[in-house]
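Please keep the sequence and the 3D structure in view while reading.

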Amino acid sequence: MTEARWPDSRRVPTARPAPGAPCWVSLMVHDLAATQEFYAALFGWTYEPGPQQLGPYVRALLNGREVAGIGQLPPDRRLPIAWTPYLASDDVDETAETARHCGGTVGVGPLTAAEAGRLAVASDPAGAVFGIWQAAEHLGTGLAGVHGTPVWNELLTRETAEVAKFYRTLFGYTEEASGGPGMDRLTFLLEGRAVASVRGVGSALPRDRGAHWMTFFEAADVDAAVRRVLELGGHVVRPARTRAHGRVATVADPEGAVFSLLRSEPSIPERLRADAATP
């Protein structure tokens, strides 16, 4: 069994993340102030200004370390509100061009985000949106394993085969089947370490969302966090349930950004944490 835990958490990264590694999550919203208040109350985040190339943008902090980004959409942009994972690249321009050649679409960039790094936002052939990040001063998420930090990313799509080929070409992933018999599910690995999962759900894919990435945030108490989401004006997409390797719930913030809350066990490999989130 591959031991694949989140890199020794609670530490600031000291090196550029390996190509293909999830290194950041970001959210673009219409009401930046209200969204900041929601996540501050839910996760205890504080904020500092970030690069402003795409408009007002803040980085969320826990214990003084960066864990996520939130930006404001222009008033005339009516885009879906969704958490977006960023996958590391040593050359964002080359990765974006490869994405285009492999049937993906590049919607933003590549562009330089001040001294922080260089980015692009793309979608895979099934339409799931993801970011590409080439680190400079900003290396990515600086804390993990505690309440309010990203713990896992999973791609939900109609079927895994073609989309897995796309990401394999971009980032050099190897793949491993996961889940039970008859399940269309893969785990992406980098140098033997699980970094993300892909789940093919066929016709069960939500029509109003299509293929999409799901971000999981660590929650010290999933049930209490769900109650807090409701108190703060969010709603429950899928109630809390206990799986073999953790307790999980899927919720949405007041603007509709869907994310999952996961109480994971530190000793469980990341790919098993992902299995814990399987309905």
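A residue is called buried when its relative accessible area is under 20%, exposed when it is over 50%, and partly exposed in between, with a 1.4 Å probe and protein chains only. By this rule Tyr 173 and Phe 188 are both buried.

The model is predicted: local features need pLDDT of at least 70 and side-chain atom pairs count only at pLDDT 80 or more, whereas totals for chains, interfaces and linings use all residues. Residues are numbered from 1 along each chain as its sequence is written, and side-chain values use heavy atoms, with hydrogens and water left out.

## The chain as a whole

Helices (H or I, at least four residues) and strands (E, at least two) are DSSP runs, numbered from the N terminus. The chain has five helices and 16 strands. It contains 279 residues, of which 52% are buried. Its accessible surface, computed by the Shrake-Rupley method with a 1.4 Å probe, is about 12100 Å², and carbon and sulfur atoms supply 51% of that area. A contact means heavy atoms within 4.5 Å. Among contacts in the chain with a separation of 6 or more, 64% involve residues 24 or more positions apart.

## Aromatic pairs

Rings of Phe, Tyr and Trp (its six-membered ring) pair if their centres lie within 6.5 Å; planes under 30 degrees apart count as stacked, over 60 as edge-to-face and the rest as tilted. The structure holds 19 such aromatic pairs. One of them joins Phe 130 and Phe 166: the ring centres are 6.1 Å apart and the planes lie at 75°, so this pair is edge-to-face. Because Phe 130 belongs to strand S8 (residues 129–135) and Phe 166 to helix H3 (residues 160–171), the pair ties together parts that are 36 residues apart in sequence. Phe 130 is buried, at 0% relative accessibility, and Phe 166 is buried at 3%.

Tyr 173 and Phe 188 form another pair, with centres 4.4 Å apart and planes at 15°, so it is stacked. Tyr 173 lies in the loop between H3 and strand S10 (174–177) and Phe 188 in strand S11 (residues 184–190), so parts 15 residues apart in sequence are tied together. Ring pairs also link a cluster made of Phe 38, Tyr 39, Phe 43, Trp 45, Trp 83, Phe 217 and Phe 259.

H3 has twelve residues and spans 16 Å from its first C-alpha to its last, close to the expected 16 Å at 1.5 Å a residue; the expected span is 1.5 Å times one less than the number of residues. Its buried residues are Thr 160, Val 163, Ala 164, Phe 166, Tyr 167, Leu 170 and Phe 171. They cover an arc of only 155° around the axis, which puts them on the same side of H3. The arc is that of the directions from the helix axis to the C-beta atoms.

In helix H2 (residues 92–101), the buried residues are Val 92, Thr 95, Ala 96 and Ala 99. These fall within an arc of 100° seen down the axis, so they line one face of H2. Glu 94 and His 101 are exposed on the other side of H2. The cover over the buried residues of H2 includes strand S6 (105–113), strand S7 (117–123), S8 and H3.

## Individual residues

Glu 66 is found in strand S4 (residues 65–72) and is buried, with a relative accessible area of 19%. A polar contact is a pair of N or O atoms within 3.5 Å; within protein, one must be able to donate a hydrogen and the other to accept it, and residues adjacent in sequence count only if both atoms are side-chain atoms. Such a contact, of 2.8 Å, joins the side chains of Glu 66 and His 138.

Ala 114 has a positive phi of about 50° although it is not a glycine. This residue is in the loop between S6 and S7 and is partly exposed, at 36%. Glu 191, also not a glycine, has a positive phi of about 50°; Glu 191 is exposed, at 86%.
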